[in-house]
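Dear colleague,

Please find below the structure that I am handing over to you.

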Amino acid sequence: MAFELGQYVPGNSAIHRLDPRAKLLGLFLYGLALLAAPTGGAAILAGSVALPLVLAAGLSPSFIWRQLRPLVIFLALIFFLQLVTTPGTILMHLGPVPLTREGFNLGFLALARVFFLVLAAVLLTATTDPLALADGLERLLAPGQRVGLPSQELALMLTLALRFVPTLLEEAERIMRAQIARGASFRGLQVRNLLPLVIPLFVSAFRRAEGLAEAMEARAYQGGKGRTRMRELNFTATDFLFLLLAGALAAGSLYYRLKSGN
Amino acid sequence: MLTAKIARGAVIAALYAVVTIILKPISFGYLQVRVAEALTLLPILYPEAVPGLFVGCLISNFYGGLGPIDIILGSLTTLAAAWLTYVWRRSWVAYLPPILLNGVIVGAYLAYLLHVHILLAMVSVAAGEAIAVLALGIPLLKQMKKMNVG
């Protein structure tokens, strides 16, 4: 079994080159547009805007499918539930259950929202190096420092955590194999079975944290102030244009929702 | 924040993300048991788990949640719950914030997002949280205390 966190696909497309801050804000505006969309059709229309971006980023359909596959059963369940539980104008019957126009609409609305929200998150994480993402978040949170938010410490924690994830995943795999060799079973996901995995993982992770703290102190780490970066973020005209379009999409969706009175 | 605390917060964040990734099939969605939520009791032992859990939840939601709404609201809910657990760490009340806050806030936005009944969504999210927190979180905490980890 091989576990992985990321799905970052290195590349040099226009989407890859966008500033991570623009992509983060764009993701939230796109999310707002989807949440504001009042009907299934509107959600699909607003959501489809991401499709050309997926193509422009050079992500293959099989890659996207692999990322979205775990959601398929969940999506089908949501759609089916809406379909059979919504009263309204009957279009057809599925056995004894009437299927309504409203049921189809709500089903498509929920389906489109979840599908496109997750697709957008996949697009962001596939085209943005995790460390660039952490940098972008730090810069977006920086104004919070004035009100006492320890944004630099949070960003450092985020960067370190991203660095630790692959190491701990490997460790988890090793522990699982070791425990299986001792007769443990991780099948059936019984909560009690998880302790023999989680406890050793904790002990080893905490030891690593100690080592890291010592290493940081030995190198005289003094907090984030005045720290320089290998990569400077640079917000360009393209980033502004991208945000402007995302903002227009969100505004359009909100306007349509208010106008349609839903 | 001391270096040691930042480092420990970071590994708690990474642990949260790792447990979420390993147990992905039951981690997400509307009927969810996110086993990593068992870690939400850690602020009882370590104050640095409060930002750690927030960061861990942020990473998990970026790489596998329901997109921007989970990234913002889900992570902030975890932060608020972790802080309350820390504040009430001397009492059993500390077990409740992750269950109740996630149930109410995550339940509310899932109900809106998926057009399901709000009470149904809240109860099912709270139930999933309760399983993670009570059935795994409490034994984990006891074991950590006993072994004096960290």
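**A helix of chain A**

Helix α8 of chain A covers residues 130-141, and at 1.5 Å a residue its 12 residues should span 16 Å; the C-alpha atoms at its ends are 16 Å apart, so the expectation and the model agree. Please bear in mind throughout that this is a predicted model.

Within α8(A), the buried residues are A:A132, A:L133, A:A134, A:D135, A:G136, A:L137 and A:E138. In chain A, the buried residues of this helix pack against α2 (20-36), α7 (101-127) and α9 (151-181). They also pack against α2 (49-62) of chain B.

**Chain B as a whole**

A compact globule of 150 residues would have a radius of gyration near 15 Å; the value for chain B is 14 Å, which agrees. The C-alpha trace of chain B spans about 45 × 30 × 25 Å along its principal axes. Of the 150 residues in chain B, 65% are buried. Among the contacts in chain B with a separation of 6 or more, 64% join residues 24 or more positions apart.

As for the surface, chain B has an accessible area of about 5,300 Å², and carbon and sulfur atoms contribute 72% of it.

With kind regards

How values were computed
Residues are numbered from 1 along each chain as its sequence is written. Chains are lettered from A and ligands numbered from 1 in the order in which they are written. This is a predicted model: local features need pLDDT of at least 70, side-chain atom pairs count only at pLDDT 80 or more; totals for chains, interfaces and linings use all residues. Side-chain values use heavy atoms; hydrogens and water are left out. The radius of gyration is taken over C-alpha atoms; the globule rule is 2.2 Å times the number of residues to the power 0.38. Buried means under 20% relative accessible area, exposed over 50%, partly exposed in between (1.4 Å probe, protein chains only). Contact means heavy atoms within 4.5 Å. Accessible areas come from the Shrake-Rupley method with a 1.4 Å probe; for residues, only the protein chains shown count as cover. Helices (H or I, at least four residues) and strands (E, at least two) are DSSP runs, numbered from the N terminus. The expected span of a helix is 1.5 Å times one less than its number of residues.
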